[in-house]
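Have the chains open side by side. We start inside one chain and then move to where two chains meet.

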Amino acid sequence: MPNSPSDTPRRVTVRRKGPLLVEGPVEVELEDGTVVSSDRFRVALCTCRRSRRFPWCDTSHRARS
Amino acid sequence: MEDTGKEPLLPAPRGPLSTAVANHLRGIGPLPHDEEVAAAPVYGDDFQLALYLCYELHYRGFAGVPADLEWDPDLLRTRGALERRFLAALRADARRHDRLDDALAGLLVEPVDGTGVSHFLRDKGELWHLREYAAQRSLYHLKEADPHAWVLPRLWGRAKAAMAAVEFDEYGGGRGDRVHARLFADLMRDLDLDPTYGRYLDAACAELLVTVNLMSLFGLHRSLRGALVGHFATVEITSSPGSRRLAEAMRRTGAGPAAVHFYDEHVEADAVHEQVVRHDVIGGLLEEEPQLEADIAFGVDATVFVEDRLGDRLLADWRAGRSSLRTARDREFTS
């Protein structure tokens, strides 16, 4: 099937600040071997390592006043 | 067309304007004169309920009110008079940023010692505060994402695709049991509230009506599509950290799993939505229509203004140990 989603590369959006955006669904394997998944249309992966819902972004990267 | 029997009941009027509009919906009595619209306090109970009644015909209507009154020219004329005053007041009273980046900058910084409603609920909220908050907010959350869907035909290309994707997520990604309005109904059951649509309209304070009327105003007018997008961005940007505090409040008070889940879901979902709305919805819209920047900024500023007013009202009541609800029957169970 030429239009099957599996034939098109999965887009990952990288920005200088903020999470990595990946087209869902996504499975993430963590250091301890646990696998977590999200079937959202797009998934925000934490890159600042501050998220309390790691590996998912919870906006903890924001500047604080 | 007759109603289907599932529409909410018409609320009790709160003054001459809402009395006249409600009577018109029942087929009796004249609509308010322009002088009456001009004389009523614009953010007050009577004015805001009159506008809310006009808008609700575009959502679910009311029991006993013919559905076709949605496009009744006389009622639309009254609605227009109310809207012009409301919009002029918002433009005059909300803090104004000409540049969108300036309007958004404040939202993207997280205060260490925040003093908003979600901070109060996280730190000091009791179950009755959480019930009141949910009862008030149910006027929006039971139609969550609906006012924003109206902007879709007014967008193009990247902005439209991104807005539709976020709305799809709000509507449960194609699954009825994950529709955010449904998740909120589940939260209400955990809190022993009645999740019937419109049940707490009589209980909601004027400041809450203002927040919902703002979305309807922006959603129903193509001329305000920029403001709608700015409003939506504000909701999505502020939702994730606020939802985390509310989830903590629900956990601490033992509100129940559905109550916790609603806010946990919004921590994650809105962290994604914020990125998509800022970069693709706003970015895409500005590529197509760069002249809308000031309108988008106005949508941000107006949303901050009405949300701050609501927060001040709720905290003033709660700090004084008072209920924020207008109806005695709903106050009773909270204390």
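Domain bounds here come from an automatic or database domain assignment. For chain B it gives domain 1 (16–93) and domain 2 (100–332). This is a predicted model: local features need pLDDT of at least 70, side-chain atom pairs count only at pLDDT 80 or more, and totals for chains, interfaces and linings use all residues. Residues are numbered from 1 along each chain as its sequence is written, while chains are lettered from A and ligands numbered from 1 in the order in which they are written.

The C-alpha centres of domain 1 and domain 2 of chain B lie 23 Å apart. Their contact (C-beta atoms, placed from the backbone, within 7 Å) takes 16 residues from domain 1 of chain B and 13 residues from domain 2 of chain B. On the domain 1 side, helix 3 (45–56) and helix 4 (73–93) of chain B each supply at least two residues. Helices (H or I, at least four residues) and strands (E, at least two) are DSSP runs, numbered from the N terminus. Helix 3 of chain B has the largest share, six residues.

Now turn to the other chain. In chain B, 17 residues are in contact with 17 residues of chain A. Strand 1 (109–110), helix 9 (157–170), helix 12 (225–252) and helix 13 (257–288) of chain B give two or more residues each to this side. Helix 13 of chain B gives the most, six residues.

Strands also meet here. Strand 6 (residues 63–64) of chain A pairs with strand 1 of chain B in the parallel sense, over two bridges; pairing requires at least two bridges found by DSSP. Ala63(A) stands opposite Val109(B).

Technical notes: Two residues are in contact if their C-beta atoms, placed from the backbone, lie within 7 Å.
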